[in-house]
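This report describes selected features of one protein model. Please examine the sequence and the structure shown here before reading on.

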Amino acid sequence: MDLRHLPSVDAVAGQADAQALIAQFGRQAVIEAIRADLADLRAGAKNGGAPDGASGARIVQRIAVRVAGQFALGLKPVFNLTGTVLHTNLGRAPLPAEAIAAMTAAAGAANLEYDLESGKRGERDDHVEDLLKRLTGAEAATVVNNNAAAVLLVLNALANKREVPVSRGELIEIGGSFRLPDIMARAGCRLVEVGTTNRTHLADFENAIGPKTALVMKAHASNFVVRGFTAAVAEDRLAQACHARGVPFVIDLGAGSLIDLSAHGLPHEPTVREAFAHGADLVTFSGDKLLGGPQAGIIAGRADLVAKVRRSPLKRALRIDKVTMAALAAVLRLYLDPDRLRERLPALRLLTRNLADIRAGAQRLRAPLAQRLAGWAEVSVVDCASEIGSGSQPLQSLPSAGLAIVPVVARGRGGALNRLARSMRALPVPVIGRIEDDRLVLDMRCAEDEAALAAQFAQLAPPA
Ligand SMILES: *Cc1c(COP(=O)(O)O)cnc(C)c1O
C-alpha cells in the first residue's frame, strides 16, 4: 500500500462520525485512537498489508469500537448462577438496598471523623462500634479493610517480636495466598507450632505458653475438615488456660456469623457471641461473608486490647473508607430487627431460599432460554446443589434447582459448552454458570430478578 494515501489525523477527526465520538468521549481519547489506528495501518503496510480499511470511514468505525471499549465499565454487575452464593471472585455478599442507599448518601462530604455535636474531630469507628457491641456482646470494636488485615493488625499490635502458639491443625491457607504462618511472619511475631496436624491437646498449649507468649490464636478451620483420629482443644478450656497465665486468647473466626444460622435451617456456623461465651478476648471476622455486608474486617472484644490495636500505625494504613463504613453500618442496623432480617439481607435471603421457589423460577425461565437455543441445545430443569461459599461449611450443600443446557452436537461437546459459556459471559449483564457433567448448569438460587435475567437470555445468540 502507498502510505501517502493514508488520511491525516485531522482529516479523520473532521469526519462527522468522528466529531460525534469527540462529543461523547472527548477529544484526547479520539485523537489517540486515530493515531493508534493509523500506526497499525502503517505497520500493516510495511508487512505488505492490503490498503482496504484505510479509508476515513473505516478508520472511524474501528476507533468507535476502540474508544467505546476504553470507556465501558470494567467492573460491572453479573448474574451469579454458579451456585456459590458468597462467591469471592464475584464480590461475595450482595448488598441490601439499605446499604446501597447509605453508600450513595455518604458519597459526598460526610461526618466520617467529625463529631456533629461538639464540632470536633470524631472517631471513624463510632459509626459502627455501638452496633457491633450490641450485636456481639463485645466491650469494644474496630474495623479495617478485610479480615486478613484484621488478623495482621491484631498480631502486629499485640504480638510484635513475641510468640504466638497456634495448633498445627489450624495453620490455614484461606485462598488468595492468605496463609496464617506468612501473615504471622509479616506481623513480626514468632509462630510457635503446637500439637500435630490431626491432634492437639490442652497440654501442648500449656507447655508452649511462656514468658515470651503474647497471645494464643485459634483460627477457625472454615474451608476444610479433618476427620478420623482427631482432637482439638475446646475453646473454653483453651481460654481458661490462657487466662490462668495472663495471656489473651484470640479467635480468627473467618465468616463470623452474628446469628444462629440453624434457626434458619442452615448448618450451624460459630457466632461471634459464642466465641465470647467460650472466653475469647478478641475475635476477628469478615464483613462480606455470612454477615452479608461490604468487604471489611472486624476486630471485637476486650476494650484494652481494642484500644491497643487502634493505636497501631498499621490501623491507619488498613482503615476503611466512608462508603464502606456507611454500608457496614446500614447492614448492622438490619440485624436490630431479626424478624425482618431474612427478608431484607440478600445473603441470608438467598441462602435460605425455598427450593420450590427456586424450581418455579427455573421452570418459568426454561422456555425462553430453550427458544433462544432452539436447534442448538436442549434446556431442562434439574436439581442441583448450591454452596455457601467463602470457605463456609465446605462439605454442606444446599438443595437447589437450575437450568441444565446440553448442546445437541454429535462430537466436541466440551468445546460447544465453552463457547456457550463465553456467549453468556459476553451478555451486557454477564451470566455466569458452571460446567459440570458435560452440561452448563445455571443454578437459579441467586436469580431473584427473573425479568432482568430473561432480558439477558433474549439477547443471547446461539454460539457459532
Ligand atoms: C475468610 C477468612 C479470612 C480472610 O478474610 P478476608 O475478609 O477474606 O480477608 C481469614 N481467616 C479465616 C478463618 C477466614 O475464613
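## An enclosed helix

Helix 14 is largely enclosed by the rest of the structure, because ten of its 13 residues are buried. The model is a predicted one. The buried residues of helix 14 are Thr-324, Met-325, Ala-326, Ala-327, Leu-328, Ala-329, Ala-330, Val-331, Leu-332 and Leu-334. A residue counts as buried when its relative accessible area is under 20%.

Several elements contribute to the cover over these buried residues of helix 14. Among them are helix 5 (97-105), helix 6 (126-136) and helix 15 (338-344), together with strand 5 (140-144) and strand 11 (297-301).

## Length and cap of helix 14

Helix 14 comprises residues 322-334. At 1.5 Å a residue, its 13 residues should span 18 Å, and the distance of 19 Å between its end C-alpha atoms agrees with this.

The N-terminal end of helix 14 is capped by Asp-321. A side-chain oxygen of Asp-321 lies 3.2 Å from the backbone nitrogen of Val-323.

Strand 5, one of the elements covering helix 14, is itself mostly covered, with five of its five residues buried. Ala-140, Thr-142 and Val-144 point one way from the strand, whereas Ala-141 and Val-143 point the other way. The residues on both sides of strand 5 are buried.

Strand 5 and strand 11 run antiparallel and are joined by five bridges. In this pairing, Ala-140 stands opposite Gly-301 of strand 11.

## Two residues with positive phi

Most residues other than glycine have a negative phi. Asp-437 has a positive phi of about 50° although it is not a glycine. Asp-438 likewise is not a glycine, and its phi is positive at about 60°.

Where does Asp-437 lie? Its place is in the loop between strand 15 (434-436) and strand 16 (439-443). Asp-438 also has its place in the loop between strand 15 and strand 16.

Is Asp-437 buried or exposed? Asp-437 has a relative accessible area of 63% and is exposed, since exposed means over 50%. Asp-438, at 45% relative accessibility, counts as partly exposed.

## Domains

The domain assignment of the protein gives domain 1 (3-71), domain 2 (79-87 + 351-457) and domain 3 (97-344). The centres of domain 1 and domain 3, taken over C-alpha atoms, are separated by 54 Å.

Note on methods. Residues are numbered from 1 along each chain as its sequence is written. This is a predicted model: local features need pLDDT of at least 70, side-chain atom pairs count only at pLDDT 80 or more; totals for chains, interfaces and linings use all residues. Side-chain values use heavy atoms; hydrogens and water are left out. Helices (H or I, at least four residues) and strands (E, at least two) are DSSP runs, numbered from the N terminus. The expected span of a helix is 1.5 Å times one less than its number of residues. Buried means under 20% relative accessible area, exposed over 50%, partly exposed in between (1.4 Å probe, protein chains only). Contact means heavy atoms within 4.5 Å. A polar contact is a pair of N or O atoms within 3.5 Å; within protein, one must be able to donate a hydrogen and the other to accept it, and residues adjacent in sequence count only if both atoms are side-chain atoms. Domain bounds come from an automatic or database domain assignment. Two strands pair if DSSP finds at least two bridges between them.
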